[in-house]
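Hi,

Here is the structure I promised to pass on. My notes on the ligand site follow below it.

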Amino acid sequence: MSVQIDPRGELRHFLTTEGLDPRLLGRILDTAESFAGVLGKSVKTVPLLRGRTVVNLFFESSTRTRTTFELAAKRLSADVLNIAVDTTTTKGESLLDMLRNLQAMQADMFVVRHPQSGAAEYFARHVDPGVAVLNAGDGWHAHPTQAMLDAFTIRRHKGAFEPLRIAIVGDIRHSRVARSQIHAFNALGAGEVRVIAPDTLLPADIDTLGARVYNDLNAGLRDADVVIALRLQRERMQGALLPGESEYFRHYGLTESRLRGAHPEAIVMHPGPINRGVEIDSALADGPRSVILDQVTNGIAVRMAVMTMVLGVQPDTAREAS
Ligand code: NCD
């Protein structure tokens, strides 16, 4: 049994979308839908996590992910601690000691981002019973809430997953987002998941991930319903994997005209941060097909959903009881 699932089959932590029961993924989306309704009202808070403490523990920089986790916790009436750990000036305290100290302050949930793959699972294996861990991105491995907010955004714009062709373009190799998306979209029943990249930006295990591989952008975009651009993650690249950014844009940069081969109603997504003119043209990023800012908004509802699920709080029963 995986560490993120409890003996009753419920979500205990949220570490990866890999191997998750499609019904659980569907429940995350349905629960998020109910929170999206609350977020549309003028009073946006619900008391579901009142008295609980959420610790955002970020060992890597983040804008969207950290702030939307913070907002999600606040919308659920939890107390939130934000800790940005500068790994260059740590005082030699081990991860485990840090965790024990934070637990001594009665934290109920840790939201962890760390440059090392497996860091969130390490935390999950060492927390006290009843304390939950959410992975906010671990190395190249996984970023499950990002994948679920992307799935939520797709479902809101396109409905059912079955007929959809979803194309992910760019630096797949270093992208924890792409990995989590491929697992989630396949589990949710997507018709076809494609990745489009030069061989140097594909991971060695790409053939095992369940995506159809294209080196050619035009071929990969043909009839796509959803097109997702990824940032070139230069901070994770070692050696020269690319000839240069303008050369990259010429072959893999998304523009209005390159999207002509996609479905006429294709939507364009990007997890952010965007590098304009590198992986995506400004006219496209800011144009009518773009749902990039919807993704950011949807991140709040999806993170609220996951936070309540890992603590075993049912939105309806808790609301009635409060
Ligand atoms: C991504 C990440 O950090 O993995 N961004 C995000 O969480 N919105 C992708 C990236 O940094 O390019």
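This is a predicted model: local features need pLDDT of at least 70, side-chain atom pairs count only at pLDDT 80 or more; totals for chains, interfaces and linings use all residues.

Which atom of the ligand does a polar side-chain atom of Q146 lie 3.4 Å from? It is a nitrogen atom. Numbering runs from 1 along each chain as its sequence is written, and side-chain values use heavy atoms, without hydrogens and water.

Two further polar contacts (pairs of N or O atoms within 3.5 Å) go to R176 and P271: a polar side-chain atom of R176 is 2.7 Å from a ligand oxygen, and a polar backbone atom of P271 is 2.9 Å from a ligand nitrogen. The protein buries 93% of the 320 Å² that the ligand exposes when taken alone (Shrake-Rupley, 1.4 Å probe).

The surrounding shell (a heavy atom within 4 Å) includes T65, H143 and Q233. By class, the shell has 3 nonpolar, 5 polar and 3 charged residues (Gly counts as polar).

The ligand takes up the space of the largest pocket, meaning that more than half of its atoms lie within 2 Å of the grid points. A pocket here is an open set of points on a 1 Å grid over the protein atoms alone, with protein on both sides within 12 Å along at least five of seven lines; lining residues have an atom within 4 Å of a point. The volume of the largest pocket is about 440 Å³, the space filled by probe spheres set on the points. Of its 22 lining residues, R113, R176, R231, G272 and P273 are the closest to the centre.

Cheers

Note on methods. A polar contact is a pair of N or O atoms within 3.5 Å; within protein, one must be able to donate a hydrogen and the other to accept it, and residues adjacent in sequence count only if both atoms are side-chain atoms. On a 1 Å grid over the protein atoms alone, a cavity is a set of points where a 1.4 Å probe fits but cannot get out, and a pocket is an open set with protein on both sides within 12 Å along at least five of seven lines; lining residues have an atom within 4 Å of a point.
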